[in-house]
Amino acid sequence: MRLGVNLPQTNKFDLARDVTEFARAAEEIGYDSLWAYERILAPEDTSGAHGLYGVPGLPWPESYAHTTDALVTLTLAAAVTSRVELGTGVLIPGLHLPFRLARSLAALDAASGGRVIAGLGTGWSIDEFAATAPRPIAERGAALDEFLDVAGAVWGPDPVTFGNERYRLAPSRVNPKPARPIPVFLAGGNRTALARIVRRADGWLPTGIPPRQVGEVLAGLRAQAVEAGRDPAAIGCVFQLGVRDLTEVPATGRRPYTGGPAQIAEDLAALAEAGVDHAYVTLTSAAGDLKELIAVAQRLHTEARAAGL
């Protein structure tokens, strides 16, 4: 299993230096990938649909009000590393002009020597869509499909051409090109999202789902891939494993993705058994500063490798 970790992106850290310092340290420890997420604002009003995940009244984490730009964060990491892959977990194409986003991802991939993984989702925040999105949130699925169409053209050979009811790109040279075909992993678990993965993606990017359920969904995706004429082995899975702290908990009744490093390693092993070939762990909530973040990343990596991952 390839193992990744998320980069520091909030004001709990000294962002002038901690992103690059942690990126260097994670690569030296032996991690295979570094990840950054997208969050562009945190509304003061969390009533009704403004709540976290659209749940009325559910407050947003304070960290969401202080989150660095995902692509800027990954660019900093790219500049000081040479081996680790650089993933977005997740980026929301609906909040961006599709041509600009496709070109930015291509530039980062070219500059990093072909290390970008595009983890994408449709988004859920009506406030974020109202602030910046070219399409309303009701069209977020269509916006993701549109981005995939545009990116397919922009990342392909010159001359690039594209046209739909919203955008027209006359035959043009659009560069730089990605150094490799950028892998696309899509978040989501409903029927529409899973069907999109089978049709259009290199794999699935789930979070918070127990390993057994992950295995069941993956088996379904790969069966659908066969029906669609795709190689089922071409459907991969990158799992986002969220950790709030790394305090060991009693084994009896332990919920997945809780506990100390050895217990998290057990969960990673269960995910590998379920067919997950790449997982990344969000550790920044489990650390108070850079020194502690590096220490917990080292402990978790040691336990994961000791478990045979």
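This is a short tour of a predicted model, stop by stop.

**Stop 1: the barrel.** Start with the strands. Eight of them form a closed barrel, in the order E1-E2-E3-E4-E7-E8-E9-E10, and the pairing is parallel. In general, strands of a sheet pair through backbone hydrogen bonds, either parallel or antiparallel.

**Stop 2: strand E1.** Select residues 2-6, which make up E1. How many of the five residues of E1 are buried? Four are, so the strand is mostly covered. Now look to either neighbour. E1 pairs with E10 over four bridges, in the parallel sense. Show leucine 3 and you will find alanine 279 of E10 opposite. E1 is also joined to E2, by three bridges, and these two strands run parallel. Pick glycine 4 here; its bridge partner in E2 is serine 33.

**Stop 3: helix H8.** Select residues 261-273. This helix lies across three strands: E1, E9 (236-242) and E10 (278-282). Its angle to E9 is about 160°.

**Stop 4: across to E7 and E8.** Select residues 184-186 for E7 and 203-204 for E8. The two strands run parallel, joined by two bridges. Show phenylalanine 185 and look opposite: glycine 203 of E8 is there.

**Stop 5: a stacked pair.** Switch to aromatic side chains; the structure holds seven aromatic pairs. Select tryptophan 35 and tyrosine 280. Why does this pair count as stacked? The ring centres are 4.2 Å apart and the planes meet at 5°, and planes under 30 degrees apart count as stacked. Tryptophan 35 belongs to E2 (residues 33-36) and tyrosine 280 to E10, so the pair ties together parts 245 residues apart in sequence. Are these two residues buried or exposed? Both tryptophan 35 and tyrosine 280 are buried.

**Stop 6: a tilted pair.** Move to tyrosine 37 and tyrosine 64. Their rings sit 6.0 Å centre to centre, with 50° between the planes, and form a tilted pair. Both tyrosines lie in the loop between E2 and helix H2 (70-79), so this pair links parts 27 residues apart in sequence. Tyrosine 37 and tyrosine 64 are both buried.

**Stop 7: the cluster.** With Tyr37 and Tyr64, they form one aromatic cluster. Finish on arginine 39. Which ring does its charged end sit over? That of tyrosine 64, 5.3 Å from the ring centre.

Key. Residues numbered from 1 in each chain as written. Predicted model: local features only at pLDDT ≥ 70, side-chain atom pairs only at ≥ 80, totals over all residues. Heavy atoms only, no water. Pairing = 2+ DSSP bridges. Contact = heavy atoms within 4.5 Å. Axes fitted to C-alpha atoms, helices over the stretch in contact; angles between N-to-C directions. Phe/Tyr/Trp six-rings, centres within 6.5 Å; stacked < 30°, edge-to-face > 60°. Buried < 20%, exposed > 50% of the residue type's maximum accessible area, 1.4 Å probe, protein only. Lys NZ or Arg CZ within 6 Å of the ring centre and 35° of its normal.
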